[in-house]
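This report describes how two protein chains meet, and then turns to a single residue and its surroundings.

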Amino acid sequence: MLQLHFTNDTLPDNVSTDFQNLNKFSEQQFVSLTEILYQFLLEPKESERFLHQLTEFAGENGMSAGPLRALMKSVLLLPHGALKRNLTAEQVKVDLLSLGLNEEKASHFSDQWRVHYPVLSRLAVGQTLMVNQLVDMEWKFGVTVGTSELQKTGNIFLQLKLVIRKGNTTENVYMELTLPQFYNFLHEMERAKASMDCFS
Amino acid sequence: MAFLTEDQFTALQLLLKAPSKDVVRQICADSFPAGASKRQSVIEKTANSLSVSSSEAVQLLTAFHTVSHEVVYQNLTSPEQILSIFPESFHSNLKNLITKILLENSVTWRNDALSNQISLPKLVDMEWRVDMKTASDSLSRMAVPTCLLQMKLQDTPCISGGPSESTITMELSRETLDTMIDGLGRIRDQLTAVARK
């Protein structure tokens with residue numbers, strides 16, 4: 001059985017065949033296909049665009065769109081697994097060669113991997129679970145001029161609105177702080193930032 | 001400017017029946033909170049200490065409540081200002097005693113009013129923690145710091161009911177924390193600018 005870096009599972013036969021079929025593309029075609037693939041990896045929400053580009057490519061190169069899409073679906077398994085396992089470009093190339101891709105194409109694909117890896121891994125970090133993520137903060141501060149109990153006052157207040165993502169919806173949290181509380185809050189947040197900066 | 005009606009001033013003079021100055025002080029303190037003149041326990045206590053009827057006690061409590069709240073509202077801080085509220089015919093010693101009590105308490109009452117005014121839920125406590133994410137389903141190895149922030153808020157209704165506390169916990173990435181500190185820094189700069197004026 002093939003020992004691959006990007007996955008521990010046994011690949012279904014059609015996947016190995018699909019990788020070998022990549023050899024049939026010309027250099028130019030392979031470069032274009034690789035570009036389409038990486039564009040999709042960098043913007044994973046643009047699946048409509050990805051499929052559209054594949055259909056266009058198929059038309060321009062005289063092949064049917066269906067099999068091309070199936071082929072790319074197999075090919076995607078490699079970058080997805082490689083990202084998850086923090087693989088280097090060398091490891092990606094070795095896997096491609098093991099799967100039967102020729103030297104030239106394997107080099108090109110792994111070079112592109114090296115180029116795009118920092119952005120791809122930042123994207124993966126961004127997709128990592130966050131609990132009650134703070135997405136926005138709005139504030140206003142003002143002076144209380146009078147109340148029903150006190151005709152004239154001059155109290156400073158600070159109001160914060162924090163927007164928190166809870167699953168698919170957001171929740172707004174409103175609160176009021178006195179000035180000393182505000183300065184304490186700022187001080188604590190700066191301490192937290194200093195603590196985080198220790199890790200960079 | 002007439003704070004009270006003639007009847008109310010008459011009701012205040014019921015305080016002359018108090019056995020001691022401390023009793024007067026106590027009644028004044030009891031009458032200040034909202035709704036005091038409707039509370040059975042307060043009415044009874046007042047009626048008993050002055051040996052007057054319940055209805056007279058209610059009149060007295062209402063009158064004193066009105067006077068003390070007006071003093072706080074208008075921020076009358078000098079004895080002359082308070083003495084001028086009373087009519088000429090008012091008992092002189094009682095007038096001085098009431099003025100003294102009002103002056104003694106008005107600072108506390110004013111501060112209480114400030115801290116109990118209408119507001120959004122108040123921040124009462126906050127805690128933070130910095131964690132390091134080491135793995136996830138999208139990356140089997142990572143080293144990403146993240147900040148967890150917990151804030152305790154207390155909402156005190158002005159009118160009735162007790163305070164309700166709520167806790168909110170949230171997670172901030174490094175970028176979010178930086179942006180937040182930027183925003184807070186801008187608030188601090190504006191506060192400094194306002195303070196200078």
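## Polar contacts and salt bridges

A polar contact is a pair of N or O atoms within 3.5 Å; within protein, one atom must be able to donate a hydrogen and the other to accept it. In this predicted model, 20 residue pairs, with both residues at pLDDT 80 or more, are in polar contact between chain B and chain A.

Two salt bridges are found across the interface of chain B and chain A. Arg174(B) forms a salt bridge with Asp197(A), with 3.2 Å between the closest N and O atoms.

## The side of chain B that touches chain A

Several elements of chain B each supply at least two residues to the side that touches chain A, including helix H4 (54–74), strand S1 (122–133) and helix H7 (174–196). The largest share, 14 residues, comes from H7(B). By class, the residues of this side comprise 30 nonpolar, 14 polar and nine charged.

## Extent of the interface

In total, 53 residues of chain B are in contact with 56 residues of chain A. About 5,200 Å² is buried between the two chains, and carbon and sulfur atoms give 69% of that area. Within chain B, Tyr73(B), Trp128(B) and Leu191(B) lose the most area to chain A, together 12% of what that side buries.

## Ser121(A)

Ser121(A) lies in helix H6 (residues 103–126) of chain A. Because its relative accessibility is 19%, Ser121(A) counts as buried. Its side chain reaches the backbone oxygen of Pro118(A) at 3.3 Å. Leaving aside neighbours within four places in sequence, Ser121(A) is in contact with Leu83(A) and Leu139(B).

Key: Residues are numbered from 1 along each chain as its sequence is written. Chains are lettered from A and ligands numbered from 1 in the order in which they are written. This is a predicted model: local features need pLDDT of at least 70, side-chain atom pairs count only at pLDDT 80 or more; totals for chains, interfaces and linings use all residues. Side-chain values use heavy atoms; hydrogens and water are left out. Helices (H or I, at least four residues) and strands (E, at least two) are DSSP runs, numbered from the N terminus. Buried means under 20% relative accessible area, exposed over 50%, partly exposed in between (1.4 Å probe, protein chains only). Contact means heavy atoms within 4.5 Å. Buried area is the accessible area (1.4 Å probe) that two parts lose on being put together, summed over both. A salt bridge is a side-chain nitrogen of Lys or Arg within 4 Å of a carboxyl oxygen of Asp or Glu. Ala, Val, Leu, Ile, Met, Phe, Trp, Tyr, Cys and Pro count as nonpolar, Asp, Glu, Lys and Arg as charged, and the others, Gly among them, as polar.
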